[in-house]
Each structure stands twice: as structure tokens, then as C-alpha cells.
Amino acid sequence: MKRAAIGTGASVANWDERFLALAEHVAHWSKDPSTQTGAVIVDANRRVVSLGYNGFARGVDDTPERLNDRETKYKMIVHCERNAILFASGNTAGSTLYTWPFMSCAPCAAMIIQAGVIRCVAPQNDNPRWAPDFLLSKEMFKEAGVELVLTDPVLANDWLIPMNVGEHG
């Protein structure tokens, strides 16, 4: 499939792919050894307002002992959505949130709704471990009027063109 160049009136789906790919990239910044999540908040003009990934609060030591102890880690970690909302450079009202590799949990959904986000885009994820939480998030988004778009989970950054430094045509 041919992709439109950035800034040439690309379709909404094309922009969704780009920002999901960015969320996937940001997820790799997480030090969590089991799950790396990323978030991108974009305003109505497709400008990035904020980025976030899952990790411990600023100044808190992310030691291997803490990161590898699931019970401790879950009590200490800040989810990617929350980090993105907290570090937003502007107002998030009316924005779109992109998350990778799955949609937001119910507590994050509540924060997203409170922050005024009106659209969330994430890959579909049918992991039974998260199913009840995702169901509750979907219910909350529906009640609050937040559009939820679940995409094909295989993205693979296929719109990126690899560049080899030093190689000439």
C-alpha cells in the first residue's frame, strides 16, 4: 500500500499508524523487563503534546530487584498514559491518545477521561489476563463519549524507510 508523505493530507488511518509507531518506539525507553508501554498525546492539529512510557517516578531508583518483583513493581510504576498526561506541554482537552502495545487499564481510563482526551487509539489485545480491565475501560470510555479505536496489533513500522548512513544510491 502506498503511503502519503507527511504533511500531504494523509488519511486519519495513516496518521494513526504513524503515532502508534511513535508510541511503540517510546515504549522501548521503559526499563520494565516484562512489559514496555508507550503513549503519545496529539492535539487536533496533529502536534505531539506529550510522550510517556511506564517507569518509576522521577528520582526513585529503578533497581533490578524492584523491577523483577511484580508485586513491588506494580505498586511503584507509573503507567505510560499517566506519565504522558503529567508531562503534557499543553492542554490535553480535545486530544487523541495513542498507546502501545495495548489499550489503557481502567484507572488510566479514568485519568484520560478527566484530562479531556476525546479519542484513544491502541492495538487490539485479547490477552485474557487483562480482559476484565479492558472491558471496564471500554465501558468507561463509552459512557464518557471517548472514541476508542482498536487496530490490527501488527504494525511493524512498515511506513518507515530504513536509512543506511554512508550508503549512497
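This is a guided tour of the structure, one selection at a time.

The model is predicted: local features need pLDDT of at least 70, side-chain atom pairs count only at pLDDT 80 or more, and totals for chains, interfaces and linings use all residues. Residues are numbered from 1 along each chain as its sequence is written, and side-chain values use heavy atoms, with hydrogens and water left out.

**Helix H1**

Select residues 12-27, which form helix H1; helices (H or I, at least four residues) and strands (E, at least two) are DSSP runs, numbered from the N terminus. Twelve of the 16 residues of H1 are buried, where buried means under 20% relative accessible area, exposed over 50%, and partly exposed in between (1.4 Å probe, protein chains only). Among the buried ones are Trp 15, Phe 19 and Leu 20. Display next the strands against which the buried residues of H1 pack: E1, E2 (48-53), E5 (96-100), E6 and E7 (147-151).

**The nonpolar cores**

A nonpolar core is a set of buried Ala, Val, Leu, Ile, Met, Phe, Trp, Tyr and Cys residues joined through side-chain atoms within 4.5 Å. In the largest one, of 18 residues, select Ile 41, Leu 97, Ile 112, Cys 120 and Phe 141, which touch the most other members. Elements giving two or more residues to this core include strand E1 (38-42) and helix H4 (80-86), and H4 provides the largest share, three residues. A second, separate core of ten residues includes Leu 20, Ala 23, Val 40 and Tyr 98.

**Cysteines**

For Cys 80 the closest cysteine sulfur is in Cys 108, at 6.9 Å.

**Salt bridges**

The whole structure holds six salt bridges, each a side-chain nitrogen of Lys or Arg within 4 Å of a carboxyl oxygen of Asp or Glu. Select Asp 62 and Lys 31, whose side chains meet at 3.2 Å, N to O. Asp 62 lies in the loop between strand E3 (55-56) and helix H2 (64-67) and Lys 31 in the loop between H1 and E1, so the pair ties together parts 31 residues apart in sequence.

Finally, select Arg 119 and Glu 147, which form a salt bridge with closest N and O atoms 3.4 Å apart. Arg 119 is buried at 13% relative accessibility, whereas Glu 147 is partly exposed at 43%.

Conventions: Disulfide = S-S within 2.5 Å. Expected span 1.5 Å × (residues − 1). Contact = heavy atoms within 4.5 Å.
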